[in-house]
Amino acid sequence: ASVRTEILPDPFNPQLLVHVTGDDGRTGTGETWWGTYQPSAPPGTPVVPIASMIDAVLAPACVGRPLGSVEDIEALFRHLARTCVQYGYEGIASTAISGIDIAAWDLVARRRGVPVHSLLGPTVHERIPVYASLTWLGDADRV
C-alpha cells in the first residue's frame, strides 16, 4: 500500500529507514546504507539522495505489487532493478533498492509470524562469526 522513508539524522552516523506497509496495515522495516560522513553538512544530509530515489522513483513502483511470498519479494527486486535501469544500478539506486528489499523480507516474515531467517531456508550452522563494517568506532562493544 505504501513505502515511506525515515531519516534518523544523527550527526555522525545518519541512517535511513524504509517502511513498507501492506494493504493489511502491517509494516516491515528495512535500513539502508547511511552514506558518507559529512561533518559540515546538516545532520542526515548523506542519506537524502537515497531517500529521494526511494520517494520519487521506487515507492510508486512498489504500490499495488503483491508481497505475500518469497517469490513476490524476488519479483519486486527484479521490478525495481528494471525501474532503475536508466539511472544505473550501482550507487544510490542499488542502495535504495536494498532498503526496500530488507523491509519487504521483514513484512513477509511478520505476516507469517516467523523470523526473517526462516524464510531464507533451513538452518545450516548453529553459530556463525559476526561481521561489522563500523570498525571506525574502534570498539566492538560500541559496534
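The following conversation walks through the fold of one predicted protein model.

Biologist: What kind of model is this, and how are residues numbered?
Modeller: This is a predicted model, in which local features need pLDDT of at least 70 and side-chain atom pairs count only at pLDDT 80 or more, while totals for chains, interfaces and linings use all residues. Residues are numbered from 1 along each chain as its sequence is written, and side-chain values use heavy atoms, with hydrogens and water left out.

Biologist: What pLDDT does the protein average?
Modeller: The average is 89, and 90% of the residues score at least 70. Here pLDDT is the predictor's confidence in each residue, from 0 to 100.

Biologist: How do the strands pair, then?
Modeller: They form an open sheet in the order β1-β2-β3, with antiparallel pairing. The edge strands are β1 (2-8) and β3 (27-32), each of which pairs on one side only. Neighbouring strands are turned by 25° against each other on average, direction ignored. Two strands count as paired if DSSP finds at least two bridges between them.

Biologist: How many bridges join β1 to β2?
Modeller: Seven bridges join β1 to strand β2 (residues 15-21). Across this pair, R4 stands opposite H19, and I7 stands opposite L16. A hairpin of six residues connects β1 to β2.

Biologist: And what about β2 and β3?
Modeller: β2 and β3 pair in the antiparallel sense over six bridges.

Biologist: Why is β2 described as largely enclosed?
Modeller: Seven of the seven residues of β2 are buried, so the strand is largely enclosed by the rest of the structure. Q15, L17, H19 and T21 point one way from β2, while L16, V18 and V20 point the other way. Buried means under 20% relative accessible area, exposed over 50%, and partly exposed in between (1.4 Å probe, protein chains only).

Biologist: Which strands does helix α1 touch?
Modeller: Helix α1 (residues 48-62) packs on the sheet and touches β1, β2 and β3; its direction makes about 170° with that of β1. Helix α3 also lies across β1, β2 and β3, running at about 150° to β3. Axes are lines fitted to C-alpha atoms, for helices over the stretch in contact, and angles run from 0 to 180 degrees between N-to-C directions.

Biologist: Switching to T95: where does that residue lie, and what does T95 touch?
Modeller: T95 lies in helix α3 (residues 92-112) and is buried, with a relative accessible area of 14%. Not counting residues up to four places away in sequence, T95 touches T32, W33 and I50. A contact means heavy atoms within 4.5 Å.

Biologist: Finally, what share of the whole protein is buried?
Modeller: Of its 143 residues, 37% count as buried. The accessible surface comes to about 8700 Å², of which 57% belongs to carbon and sulfur atoms. Accessible areas come from the Shrake-Rupley method with a 1.4 Å probe; for residues, only the protein chains shown count as cover.

Definitions and conventions
Helix = DSSP H or I, 4+ residues; strand = E, 2+ residues; numbered from the N terminus.
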